[in-house]
Amino acid sequence: MRFDVPADFVEIHAAVGELCARFPAEYWRALEPDGYPEEFVAALTENGWLAALIPEEFGGAGLGVAAASMILETINASGCNSGACHAQMYTMGSVLRHGSAEQKAEYLPKIASGELRLQAFGVTEPTAGSDTTSIQTTAKRVGDGYVIRGQKIWTSRALHSDLMLLLARTTPTDQVEKKTDGLSMFLLDMRTAGDRLEIRPIQTMMNHATTEVFFDDVEVPATALVGEEGKGFRYILDGMNVERILIAAECIGDGRWFVEKAARYASERVVFGRPIGMNQGVQFPLARAHAAIEAADLVRHKAAWLFDEGKPCGAEANMAKFLASEASWAAANACLDAHGGYGFAAEYDVERKFRETRLYSIAPVSNNLVLAYIGQHVLGMPRSY
Ligand SMILES: Cc1cc2nc3c(=O)[nH]c(=O)nc-3n(C[C@H](O)[C@H](O)[C@H](O)COP(=O)(O)OP(=O)(O)OC[C@H]3O[C@@H](n4cnc5c(N)ncnc54)[C@H](O)[C@@H]3O)c2cc1C
């Protein structure tokens, strides 16, 4: 076992950190409550960071997940927010793994160059969040294509995306053997949907550009189908490990930001004639959070390494997401406590990052469902749902 950090990770960290320094806290504060960081996402795209996982033959960097996760970790550790653009990294993987040669040739180079944005991932519905196979949005075969009807919710960045990776039911549940069958994945070009597609923003406690999307018989050509009809759920599962590893990296970045900021503040803030960091009640929660972040980081790197080696990594990817989101939340609380009342002031940025990192215990998958996965698939206990 070796634990030395590869040189390319150090280079990625330095280069992305330099880019992030151009988008300081004032930039993010000014965007609150719901402004989209256009310039930030454009800068990441121009510098090729969002195309990290796209193979070189399609204009990307052809990096592995471990290296790509360094990009997102660095963004969050710099005080910026990957939530504005992270989806492109994992949605694109579905096109790469399951798309036709024509789809890859048509879309991947344009996504890599920034000509097309694939930031929207439409899975969750009002009556189907954790229980994905209960989705009710349908895609009916009509003539040469499909007609999509239904509603998605929490489709983040849909107003800042040209394409949406969409999961819809193509065969009704009473006509399939298992509920996991009969779901299909589509690469929907939202620019051609006209007024049959309606996107409404949802105001949330953090700036995440999330929306609900209504499909009123949206017509799509058969060429929009990704992979085989009816296998969409399997394709979604396929992409989940990458999503979990990348989210874990973002949480680790957040956690590092909280601990570093709080440790600095606690060393400077003097109360009762001495720095508050001298008190174990302030120091230990930060030390504990740091230890938890380091532990989660090891599992995240193991998961990413396994994925990049083409080995099974479901257990590690799930554990990494769970441990990292718990660690970043513990770090957020310790950081807020260390700042006392000032932690609540927008100008300290703690409350903003606090709101941002809280999401990852729930989305893209809730930690209860992650624990259910570990209980069932790793420990062999009965399925709990
Ligand atoms: C800001 C934001 C952005 C999002 N972006 C996207 C996006 O871009 N695309 C997308 O498709 N989705 C997105 N989501 C949706 C997200 O993936 C879901 O919110 C998440 O999967 C949970 O689903 P739910 O909200 O319907 O909760 P529910 O499924 O209703 O669950 C509610 C609570 O009950 C718990 N629970 C449910 N069943 C069980 C069980 N069997 N055992 C134990 N606990 C259980 C859950 O853990 C959860 O805490 C986003 C959500 C948010 C808030």
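In the predicted model, 16 residues of domain 1 are in contact with 14 residues of domain 2. Two residues are in contact if their C-beta atoms, placed from the backbone, lie within 7 Å. On the side of domain 1 that touches domain 2, helix H5 (87-98) and helix H6 (101-113) each supply at least two residues. H5 provides the largest share of that side, five residues. Helices (H or I, at least four residues) and strands (E, at least two) are DSSP runs, numbered from the N terminus. By class, this side of domain 1 holds seven nonpolar, seven polar and two charged residues. Here Ala, Val, Leu, Ile, Met, Phe, Trp, Tyr, Cys and Pro count as nonpolar, Asp, Glu, Lys and Arg as charged, and the others, Gly among them, as polar.

The chain is divided into domain 1 (7-113), domain 2 (120-233) and domain 3 (236-378). These bounds come from an automatic or database domain assignment. Between the C-alpha centres of domain 1 and domain 2 lie 24 Å. Residues are numbered from 1 along each chain as its sequence is written. As the model is predicted, local features need pLDDT of at least 70 and side-chain atom pairs count only at pLDDT 80 or more, while totals for chains, interfaces and linings use all residues.

Strand E5 (residues 183-189) is mostly covered, with six of its seven residues buried. A residue is buried if 20 or more other C-beta atoms lie within 10 Å of its own, exposed if 12 or fewer, and partly exposed in between; C-beta atoms are placed from the backbone. E5 pairs with strand E4 (residues 163-169) in the antiparallel sense, over seven bridges. Two strands pair if DSSP finds at least two bridges between them. Phe186 in E5 stands opposite Leu166. E5 is also joined to strand E8 (residues 225-226) by two bridges, again antiparallel. In E8, Leu225 is the bridge partner of Phe186.

The ligand is surrounded by 23 residues, and the closest are Gly129, Ser130, Trp154, Ser366 and Tyr385. A residue is near a molecule or strand if its C-beta atom, placed from the backbone, lies within 6 Å of it. Domain 2 and domain 3 each give at least three residues to this shell. Strand E1 (120-122) and helix H11 (367-378) each supply at least two. H11 gives the most, with three residues. The shell comprises 11 nonpolar residues, 12 polar residues and no charged ones.
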